[in-house]
Amino acid sequence: MLDEIARLDPVKIRTLFDTGGEYRRSRSGGDFALDFHAGLRRARETGPVHEGTVEQVLGLPHPAPVAGRALPPAVFSVFDYATVNAVFRDPETFSSEAMQSTFDTFGRNILGMGGAEHSRHRAVVQPSFNRNMMQWWADRWIDGITRTLLDRIEPRGAVDLNLEFCALLPLLTITGSFGIGMDDTLRLRELIEQMIGATVERDDRIAAAAEAGEILGPVIADRRTAPRDDLISKLLNETIRDEDGTRRGLTDAEILAFARLILTAGSGTTWRQLGITLWALLNAPDQLDAVRRDRALVRNAIEESLRWEVTDPTFYRTATRDTELGGVRIPAGSRVALCLTAANHDPARWDDPERFDVHRPLRPHLSFAGGPHVCLGMHLARAEMSVALNAILDRLPNLRWAPDAARPVLMGLHWRGPSELPVVFG
Amino acid sequence: MTDRTDAAPAAIDVTPETCAGTGMCGFYAPDTFGLDDDGKVTVLDERGDPPADVRNAAEACPTRSIRLRP
């Protein structure tokens, strides 16, 4: 795979990974390029719970992206840390039913499961994503892919890091862990866009999921007979405890649903969050310098980036009974939008919360959500970003914005990230 | 901002039965919390990390399976 990465055609990369184009295509707020923090601050101060979607509360024309299967009777939005945290930790009152909209494309998966079913399925995949597995991920994929991508970049002195590094590392790590080649990886990148694209019709999303299944199905079949040291083989080796207590191996359909989930959840998110981290550091050269000199701060820089500007700002839950949040009555069946960005900027928890500061003492944030559905891939995302930042600081000295390029902005309302990262070094 | 004490907790109670094995605690306090062979939380060393890190771990636990006694 590393040979194929070294030979990747830059034009093809730009065609497949151009976020500027992706943002411009999206009708659900991808083209959103305003600073929305002022609106979030107002919403928290005047709420922290409001009736309406986050978009409606902010006075934006964009529709909310997650429609779910049936239109909820009412929608409420939450903007403070304590309430968002409490909702995540009360899955009996606030279910993940809205995420069942992913069942059509991925197949039945942990995002939309609840209670005991969720626990049983999560327990099967959790071990491969535990902290003690991160060396396995780094040794087999993250380190080599990072090195090979920087080999391409290092001699040039100037590059768009967003496109030629941040976009590629997370996707290649996931497809590398599936043991699939570059042609299939690039085709899967297109299919991911179709599976989750806001402007794609339902039939086309389902067709893209089916084609992804045609690529992944033979891999699963192959590993059943000839296991390798990869993620699919590990999952085939795990057993799930059924409701009646018996243990069995995973079915092809279960592995396929999980593979589609981590392809989509693990590629775009880490791409954009790594981009946000670099964007923040490039805008604060003194902090970039501090991190370069003291690598213990790499961890702080990543956590501060997650807190300060999380790439997926809003998650959704459904009220399973009549309840109340922040003094607002929430009828059963209501959709509740949880604004992680606003929660992570709550002055009740962080001093001067809108300032990016790598020297800030760590405190848990909500950027990987919380409660039983907390992000499965959080340790992997952190490991990828940590390896990437250290390698970039080692190999691209005097890293700074390209003097002739326009300063890029953060874009996107539901998937935030920099439009590009034009840098020079050396 | 909420004030936080620097004092170490008197004791750490964990509940492996409710633990989901996400390893969130080990991220904040790696020398205090680990996972056993069943992937459930276990205390490695009650004084393994600075008190603030242990408090972060307890606070971040997604299933409230870590309790600190003051």
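Leaving aside its neighbours within four places in sequence, which residues is B:Cys25 in contact with? In this predicted model, the partners of B:Cys25 are B:Phe33, B:Val41, B:Ala57, B:Cys61 and B:Ile66. Both B:Cys25 and B:Ala57 also belong to the largest nonpolar core, where they are listed among the residues with the most contacts inside it.

That core has 130 residues. On the chain A side, the residues with the most contacts inside the core include A:Val78, A:Val84, A:Val336, A:Leu338 and A:Cys339. Helix H15 of chain A, spanning residues 252-282, supplies the largest share of the core, with 17 residues.

A:Val84 leads on to helix H6 of chain A, where this valine is one of the buried residues. The helix covers residues 81-88, and six of its eight residues are buried, so the rest of the structure largely encloses it. Besides A:Val84, the buried positions of H6(A) are A:Tyr81, A:Thr83, A:Asn85, A:Val87 and A:Phe88.

Helix H11 (residues 168-178) packs against helix H12 (residues 182-196) at an angle of about 120°, and their axes lie 10 Å apart. Angles of 65 to 115 degrees would count as roughly perpendicular and those over 145 as roughly antiparallel; H11(A) and H12(A) are therefore oblique to each other. Their crossing is right-handed. From H11(A), the residues A:Leu171, A:Leu172 and A:Thr175 meet A:Thr185, A:Leu188 and A:Arg189 of H12(A). Sorted by class, this contact between H11(A) and H12(A) comprises three nonpolar residues, two polar and one charged.

Definitions and conventions. Residues are numbered from 1 along each chain as its sequence is written. Chains are lettered from A and ligands numbered from 1 in the order in which they are written. This is a predicted model: local features need pLDDT of at least 70, side-chain atom pairs count only at pLDDT 80 or more; totals for chains, interfaces and linings use all residues. A nonpolar core is a set of buried Ala, Val, Leu, Ile, Met, Phe, Trp, Tyr and Cys residues joined through C-beta atoms within 7 Å. A residue is buried if 20 or more other C-beta atoms lie within 10 Å of its own, exposed if 12 or fewer, and partly exposed in between; C-beta atoms are placed from the backbone. Helices (H or I, at least four residues) and strands (E, at least two) are DSSP runs, numbered from the N terminus. Two residues are in contact if their C-beta atoms, placed from the backbone, lie within 7 Å. Axes are lines fitted to C-alpha atoms, for helices over the stretch in contact, and angles run from 0 to 180 degrees between N-to-C directions. Angles under 35 degrees count as roughly parallel, over 145 as roughly antiparallel, 65 to 115 as roughly perpendicular and the rest as oblique. A crossing is left-handed if the near helix is turned anticlockwise from the far one by less than a right angle, and right-handed if clockwise. Ala, Val, Leu, Ile, Met, Phe, Trp, Tyr, Cys and Pro count as nonpolar, Asp, Glu, Lys and Arg as charged, and the others, Gly among them, as polar.
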